[in-house]
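Please read it beside the sequence and the model shown here.

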Amino acid sequence: MGLYRFRRRPAAAMNSRPDPCFDSAAKPLAVHLAQRRIAELTPSPCATEELRLGDALNRILAADLVSPVNIPRHAVAAMDGYAIAAADLPAAGARAFTVSGRALAGGGAAAAISKGAAMRIMTGAAIPEGADTVVALEHVTEAAGSTVAITAGHGKGQNVRAAGEDLGAGAVAIAAGARLLAPQLGVAAATGAGRLTVYKRPRIAILSTGDELREAGGDGAGGGEVFDSNRALLGAMLRRLGAAVVDCGIQPDDATRIRGAIAAAAAGADAVVVSGGASGGDADLVVEAVAALGEVALWRIALRPGRPFAFGTVDAKPVFALPGNPVAVVTTFFTLVMPAVCKLMGEENPRAPMAVNARLSMALRKKAGRMEVFRARLKTVDGMPQVAPAARQGSGMLSSVHEADCFIVLGADAPAPAAGDWVTAVPFYGLL
């Protein structure tokens with residue numbers, strides 16, 4: 001590949017680490033290049049299943065949904081009013097029309113109207129034969145007897161929804177690869193579809209590494225020990241995307257056990273996400289394990305927080321090695337893992353995070369040559385969007401993500417911004 005130099009290392013040597021299996025002097029890779037490489041090595045799904053419409057929320061459609069009918073099936077009234085023939089409308093002044101009946105939604109085709117007649121019609125009712133226009137109720141004067149007066153100024157076809165105006169019979173209502181959210185399920189129901197063919201959920205294994213980690217809900221962590229928050233983060237973010245999560249627990253800093261855990265995870269899942277063990281320190285063993293079991297495609301990213309990120313494959317399964325600090329877990333997931341999981345799910349055009357231009361409330365420090373991501377909150381000041389960075393930006397300060405609602409994203413070539421500068425804020429509500 002040319003970006004990094006990796007060589008397999010004998011399994012017997014994994015615990016001693018006398019000789020690293022990677023080039024620690026390699027220049028961190030630009031984020032967009034890392035995203036491209038990950039996309040190249042992440043497979044598309046092929047296994048599908050059929051679900052009831054009510055069970056398909058947040059799944060990815062695997063085959064085009066073609067509407068078998070026109071929607072609406074017939075020309076219908078868009079408003080309550082009177083159905084008439086536009087040719088009978090007066091050129092000026094007003095004209096009296098004889099009311100010839102009533103058309104109700106769901107009542108089937110109404111009787112045809114004769115020349116100079118009008119029919120009372122309700123929203124959604126089929127337009128009677130002989131009519132092509134609906135005059136809204138508020139623009140009609142009801143006269144004595146069975147007559148109404150309608151003035152000039154109305155146009156042919158107004159307040160009429162044509163047959164097939166929304167979808168024509170035979171048209172693709174929802175294309176394969178679409179995520180099925182509320183609007184998509186509504187469209188599917190409108191076509192009469194009761195079941196949908198979707199891709200099966202990818203199984204994503206999550207694993208934390210580190211001697212210092214303790215299970216949340218277990219015995220208290222003391223001394224240098226900490227409760228593992230990364231699996232809770234990763235599991236929640238993956239489930240929100242719609243993936244199935246396989247929790248592989250915590251592994252200590254033991255090369256043999258980490259290698260065995262990754263091998264088992266890859267055998268039982270479609271992808272593996274490991275937190276901790278990617279920075280290249282003496283107790284960071286995940287990159288070596290992936291190199292021993294398969295291939296490491298990239299290691300170290302020009303991203304802050306999140307530089308110690310690695311990606312590779314084991315048995316053709318994507319393996320993501322995330323940093324141990326929880327904020328870096330969030331930023332690398334958001335930037336590098338989430339697009340790959342969407343591809344594993346079969347999503348053709350994943351939802352692009354919305355970007356908002358906002359004025360910065362305070363200056364930020366920025367190092368050239370790397371993308372930097374800051375936690376922040378968006379607000380409106382004097383009618384303009386403003387973004388305020390969190391006071392604490394350390395990569396171990398998870399509470400700063402909880403208190404934020406967006407990321408400030410500064411590209412690798414962006415200068416350090418001053419207070420009042422316009423910057424890009426990316427809201428993460430609905431994505432994390």
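Helix H6 supplies five residues to the lining of the largest pocket, the largest share of that lining; helices (H or I, at least four residues) and strands (E, at least two) are DSSP runs, numbered from the N terminus. The model is predicted, so local features need pLDDT of at least 70 and side-chain atom pairs count only at pLDDT 80 or more, while totals for chains, interfaces and linings use all residues. Residues are numbered from 1 along each chain as its sequence is written, and side-chain values use heavy atoms, with hydrogens and water left out.

**Largest pocket**

- The largest pocket holds about 350 Å³ of space; on a 1 Å grid over the protein atoms alone, a pocket is an open set of points with protein on both sides within 12 Å along at least five of seven lines, and a cavity is a set where a 1.4 Å probe fits but cannot get out.
- Grid points are joined across faces, edges and corners, and a volume is the space filled by probe spheres set on the points.
- Of the 19 residues that line this pocket, Gln 35, Phe 334, Thr 335, Met 338 and Pro 353 lie nearest its centre, where lining residues are those with an atom within 4 Å of a point.
- At least two lining residues each come from helix H6 (326–345), strand S23 (371–381), strand S25 (406–410) and strand S26 (422–427).
- By class the lining has 15 nonpolar, three polar and one charged residue, with Ala, Val, Leu, Ile, Met, Phe, Trp, Tyr, Cys and Pro counted as nonpolar, Asp, Glu, Lys and Arg as charged, and the others, Gly among them, as polar.

**Nonpolar cores**

- The largest nonpolar core has 47 residues, of which Ile 301, Phe 309 and Phe 320 touch the most other members; such a core is a set of buried Ala, Val, Leu, Ile, Met, Phe, Trp, Tyr and Cys residues joined through side-chain atoms within 4.5 Å.
- Among the elements that each give at least two residues to this core are helix H1 (31–41), strand S18 (295–299) and H6, and H6 gives the most, with 13 residues.
- Leaving aside neighbours within four places in sequence, Phe 309 is in contact (heavy atoms within 4.5 Å) with residues including Ile 38, Trp 299, Phe 320 and Val 337.

**Salt bridges**

- The whole structure contains 14 salt bridges, each a side-chain nitrogen of Lys or Arg within 4 Å of a carboxyl oxygen of Asp or Glu.
- Lys 115 and Asp 88 form one of them, with the closest N and O atoms 3.1 Å apart, and this pair links distant parts of the chain, 27 residues apart.
- Lys 115 is exposed at 71% relative accessibility, whereas Asp 88 is buried at 3%; buried means under 20% relative accessible area, exposed over 50%, and partly exposed in between (1.4 Å probe, protein chains only).
- Arg 52 and Asp 55 meet in a salt bridge at 3.1 Å, N to O, with Arg 52 partly exposed at 46% and Asp 55 partly exposed at 39%.
- A network of salt bridges links Glu 215, Asp 228, Arg 231 and Asp 247.
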